[in-house]
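Dear colleague,

I am passing on the structure we spoke about, and it is placed directly below. My notes on what was found in it follow, and I would be glad if you read them against the coordinates.

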Amino acid sequence: MKKYILSRKVGRKKWAGFLLIFVLAIVLFTRYSNVGKSYSSSVGESPKKQSAYEFFNNNNNEGSNDVVDENVKLPESKSVVELVTFKEKPRLINVEGLNELYSLSYNVSKEESKALLVWDKMRLLLSRSDGLNGTAQGVKEAALAWNDLLSFIVKRKATESFEKQNEDCPYSVTAFNATTSRDGSNLRIPCGLVEDSSITVIGIPDAKQESFQIELVGTKLPEELKPPIVLNYNVILPGKNLTKEPLITQNTWTDELGWSKVDKCPDHGSTDVIKVDGLVKCNAKIFRNNVEEIANSTSPKSTDVSNASAYGTANYPFLEGNPFTATLWAGIEGFHMTVNGRHETSFAYKEKLEPWLVSGVNVIGGLNIISILAKGLPVSNDLDLGFDVEDLKAPPTPKKRLVMLIGVFSTGNNFERRMALRRTWMQYEAVRSGEVAVRFFIGLDKNRQVNFELWKEAQAYGDVQLLPFVDYYSLLTLKTIAICIMGVKILPAKYVMKTDDDAFLRIDQVLSSLKGKDPNGLLYGGISFESAPHREKDNKWYISAEEYPPSSYPPWAHGPGYIISRDIAKFIVQGHQERELMLFKLEDVAVGIWVEEFRRKGNKVQYVDDDRFHNAGCDSDYILAHYQTPRMVLCLWEKLQKEREPNCCE
């Protein structure tokens with residue numbers, strides 16, 4: 001009987017053991033299936049009437065688990081990519097011009113130095129042996145520009161009031177009846193080009209010289225024999241007796257690299273389908289057999305390419321003796337030429353040859369010029385008026401930790417964009433109270449006048465951070481690190497956000513969406529979970545296998561606007577100080593690479609994907625709208641104030 005009872009007890013214990021194991025398995029399975037989910041209030045919840053600081057700090061959301069946020073995701077194990085690591089730790093090297101950038105010949109006052117808070121903390125980053133392509137050039141040219149600016153400031157202070165100025169950055173400049181010589185006619189562009197700037201040439205081709213060229217030239221450095229050519233637009237005429245095949249070629253020139261690869265139009269047999277700002281590189285739609293017939297016809301008929309004669313071309317817009325109006329305008333991705341109202345060609349911007357670098361227009365060769373007009377140029381702020389400077393100044397920041405630092409990418413001559421932001425979403429109460437700080441991060445320009453206007457703007461508004469390199473597109477990643485440095489070491493913040501100066505941001509909705517989220521290991525924005533490097537050399541985002549060997553990227557947030565938590569920002573700053581994180585030229589993807597390294601160090605990461613962050617354009621109920629002109633930014637703000645709804649202006 002004892003044996004029987006004992007066996008029954010043993011059996012019960014076994015059964016209880018199996019039951020316990022089964023229950024534990026269910027619990028573990030449930031927990032495993034919820035890995036990566038964080039918790040927050042529902043998206044779009046309206047904030048209560050309280051300060052941003054109270055909004056976050058009176059709600060202890062560390063590890064909050066009230067409501068599941070379906071936007072939070074972790075990459076599946078199959079999509080986790082191989083991380084690029086160093087073969088050897090990068091060294092610190094001497095970079096020409098760096099010492100000059102850090103040895104001031106001008107006694108900067110305490111107030112003036114507020115524009116240089118990040119400057120001093122960037123030196124080691126610029127000295128890395130694995131520096132981004134263009135770092136050496138950007139530093140060298142910045143040293144020349146910086147010394148020139150400081151000398152100019154001293155001179156202006158000694159001779160006249162620092163605030164007094166002439167209108168040196170006008171909206172338009174014009175040249176009439178210019179005569180063409182072998183050296184060409186020149187129109188000076190005082191402060192570079194910005195998006196939507198245009199240069200219109202009215203002229204009459206002269207076939208005796210067989211071709212003419214419209215050149216956009218940059219600023220020449222002292223040691224250079226010639227200035228860089230940002231765009232060479234070369235028109236080959238059909239000749240007096242139609243003996244040549246008409247052709248348009250486009251390319252660039254620098255002292256370092258010489259002439260770039262030529263883009264031809266028409267480019268017969270080309271399979272290139274890459275567009276620039278959505279426009280084809282060559283207009284090859286309509287063909288005619290006879291060039292003279294084109295010149296005389298008011299409504300030419302379309303024919304197939306295969307029927308074109310040897311020297312007949314696609315409604316060739318440049319013919320001997322025929323006046324034309326050609327407008328070259330700057331888009332987001334490249335230059336576009338419109339002739340007599342029709343789009344003809346597009347040309348993608350080349351690395352380190354960007355619109356803000358343009359300092360003049362040369363017209364060379366067989367063209368009788370009637371006029372050249374450049375308009376839509378950047379106009380600097382007239383600080384003498386002073387009517388709204390005080391209202392737009394950056395407010396003082398509290399000694400306590402900020403809720404958020406927002407770093408805005410901008411370039412020196414984008415005066416109008418910055419003013420549009422100051423008058424609109426930078427007027428949110430969270431910003432005006434000083435608990436959310438907004439700062440523009442701007443590299444130096446090669447143009448002294450632009451740098452001088454930028455320096456005055458920085459002193460007037462207190463929201464500009466100058467950086468010790470020339471503002472090339474290839475160096476944007478350095479700006480991202482600079483924003484993190486400011487959000488960690490200078491204006492400590494709970495969250496750090498990056499955005500662009502052509503983006504409209506609803507700060508109230510950003511703060512509302514962050515409420516309740518775990519403020520650790522956060523990457524929040526429009527997340528790309530599956531993407532791969534572009535291996536086509538003509539692509540704007542081309543990445544070679546040497547730069548990034550893996551076939552796919554880790555998750556990353558699109559550049560127009562994303563938010564990282566303080567712990568990630570701190571990890572980025574320390575990782576670059578210790579040279580343990582790689583530099584990568586695509587700044588938004590670079591953040592994704594660094595976040596993946598943060599995760600691999602054993603930290604939890606939450607990727608919060610929100611489709612209200614619009615990478616291109618605007619849609620209703622947006623949090624962020626990108627590619628907004630200053631006029632549209634003002635319109636969006638007006639709609640929010642009057643209609644109380646996030647309606648777009650397009």
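**Surroundings of Met-486**

Leaving aside its neighbours within four places in sequence, Met-486 is in contact with Leu-117, Val-118, Leu-405, Arg-439, Phe-441, Gln-465, Leu-491 and Pro-492, where contact means heavy atoms within 4.5 Å. This is a predicted model, in which local features need pLDDT of at least 70 and side-chain atom pairs count only at pLDDT 80 or more, while totals for chains, interfaces and linings use all residues. Residues are numbered from 1 along each chain as its sequence is written, and side-chain values use heavy atoms, with hydrogens and water left out.

Met-486 belongs to helix H11, which covers residues 476–490; helices (H or I, at least four residues) and strands (E, at least two) are DSSP runs, numbered from the N terminus. With a relative accessibility of 0%, Met-486 counts as buried, a term that stands for under 20% relative accessible area, with exposed meaning over 50% and partly exposed in between (1.4 Å probe, protein chains only).

**Disulfides**

Four disulfides are present in the structure, a disulfide being taken as a pair of cysteine sulfur atoms within 2.5 Å. When the bonded cysteines are counted along the chain, the pattern of pairing is 1-2, 3-4, 5-7, 6-8.

Cys-169 and Cys-191 form one of these disulfides, with their sulfur atoms 2.0 Å apart, and the link is left-handed, with -75° about the S-S bond. This pair connects distant parts of the chain, 22 residues apart, since Cys-169 sits in the loop between helix H5 (135–159) and strand S2 (173–176), and Cys-191 in the loop between strand S3 (185–188) and strand S4 (198–205). Cys-169 is buried at a relative accessible area of 1%, and Cys-191 is likewise buried, at 3%.

A disulfide is also formed by Cys-265 and Cys-282, whose sulfur atoms are 1.9 Å apart. Cys-265 lies in strand S9 (residues 263–265) and Cys-282 in the loop between S9 and helix H6 (291–296), so this pair ties together parts that are 17 residues apart in sequence. Both Cys-265 and Cys-282 are buried, and their link is left-handed, with -75° about the S-S bond.

Cys-635 is joined to Cys-649 by a disulfide with an S to S distance of 2.1 Å; the torsion about the S-S bond is about -95°, so this disulfide is left-handed. Here Cys-635 is in helix H15 (residues 630–643) and Cys-649 in the segment after H15, 14 residues apart. Cys-649 counts as buried at 18% relative accessibility.

**Packing of H8 and H10**

Helix H8 (residues 415–423) packs against helix H10 (residues 448–461) at an angle of about 15°, with the axes 12 Å apart; axes are lines fitted to C-alpha atoms, for helices over the stretch in contact, and angles run from 0 to 180 degrees between N-to-C directions. The two helices are therefore roughly parallel to each other, the class for angles under 35 degrees, whereas over 145 is roughly antiparallel, 65 to 115 roughly perpendicular and the rest oblique. On the H8 side, Phe-415, Arg-418, Met-419 and Arg-422 meet Val-450, Glu-453, Leu-454, Glu-457 and Tyr-461 in H10. The residues of this contact divide into five nonpolar, no polar and four charged, with Ala, Val, Leu, Ile, Met, Phe, Trp, Tyr, Cys and Pro counted as nonpolar, Asp, Glu, Lys and Arg as charged, and the others, Gly among them, as polar.
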